[in-house]
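Hi,

Here's the structure I promised to pass on.

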Amino acid sequence: SPVAISSTPRFAVLLVVCMFGNVQAEGEVSVGAYLSMTGASATFGVSAQQGIQLAIDQYNAKAKVKVKLETVDTQGKQSEAAAAVTRLADHGVVAVIGEVASSVSLAGAPIAQQRGLPMITPAATHPKVTDVGDLIFRACQTDDAQAKDPPRRAPTPAIGRRASLGH
């Protein structure tokens with residue numbers, strides 16, 4: 001559903017705007033996203049980018065300081081992450097959103113930290129992602145936290161009935 005796709009990216013955009021909403025009285029703030037827009041994990045990157053853009057559009061409809069999104073494709077590869085974050089930093093973004101995959105986030109986070117760019121990942125669950133530095137954040141629980149606190153009510157399907165578990 002559109003709400004499920006956009007809720008985490010909306011939080012990420014809100015956090016970035018709260019941190020940098022007063023950069024200028026008027027004008028535009030550029031936010032970068034490094035996501036897997038192509039490759040094996042493209043479905044996750046494309047969904048995240050759509051959710052981020054939706055959140056930005058909703059925010060911009062009422063804001064004085066507009067947010068502009070610049071997205072760089074990592075192809076879902078760790079080897080592309082550092083270059084993507086470097087490119088976004090060179091283009092003057094004030095913060096970075098990404099990556100969806102923990103392994104790619106772990107590859108890009110050190111560059112964001114080094115360049116002084118706050119980074120928030122919408123879905124990287126590996127506990128070490130935020131250990132990279134004080135500018136690296138997440139909008140989801142870690143794998144460890146999820147394992148300790150499983151869903152309180154999981155459906156128990158009856159024979160012949162269908163069940164689904166939403167996230």
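This is a predicted model: local features need pLDDT of at least 70, side-chain atom pairs count only at pLDDT 80 or more; totals for chains, interfaces and linings use all residues.

I'd begin with α3, which has 13 residues and reaches 19 Å from its first C-alpha to its last, close to the 18 Å expected at 1.5 Å a residue. Its buried residues are Ala81, Ala84, Val85, Leu88 and Ala89. Looking down the axis of α3, these fall within an arc of 130 degrees, so they line one face of the helix. On the face turned away from the buried side you'll find Ser79 and Asp90, both exposed. After α3 comes Gly92, with a positive phi near 85 degrees.

What does the buried side of α3 pack against? Its buried residues pack against β1 (27–35), β2, β3 (96–98) and α4.

Now the cores. The largest nonpolar core has 18 residues, and those touching the most other members are Tyr34, Leu88, Val96, Ala112, Leu117, Met119 and Ile136. α3 (78–90) and α4 (102–114) each supply at least two residues of this core, with the largest share, 5 residues, coming from α3. Another core, of 15 residues, lies apart from it and includes Leu35, Val65, Val94 and Ile97.

Last, take a look at Glu70 in strand β2 (residues 65–73). Glu70 is buried but has no salt bridge; Arg87, the nearest side chain of opposite charge, is 4.5 Å away. Among the residues Glu70 touches are Arg87, Leu88 and His91.

Cheers

Key: Residues are numbered from 1 along each chain as its sequence is written. Side-chain values use heavy atoms; hydrogens and water are left out. A nonpolar core is a set of buried Ala, Val, Leu, Ile, Met, Phe, Trp, Tyr and Cys residues joined through side-chain atoms within 4.5 Å. Buried means under 20% relative accessible area, exposed over 50%, partly exposed in between (1.4 Å probe, protein chains only). Helices (H or I, at least four residues) and strands (E, at least two) are DSSP runs, numbered from the N terminus. Lys and Arg count as positive and Asp and Glu as negative; His and the chain ends are not counted. A salt bridge is a side-chain nitrogen of Lys or Arg within 4 Å of a carboxyl oxygen of Asp or Glu. Contact means heavy atoms within 4.5 Å. The expected span of a helix is 1.5 Å times one less than its number of residues. The arc is that of the directions from the helix axis to the C-beta atoms. Lists of a residue's contacts leave out its neighbours within four places in sequence.
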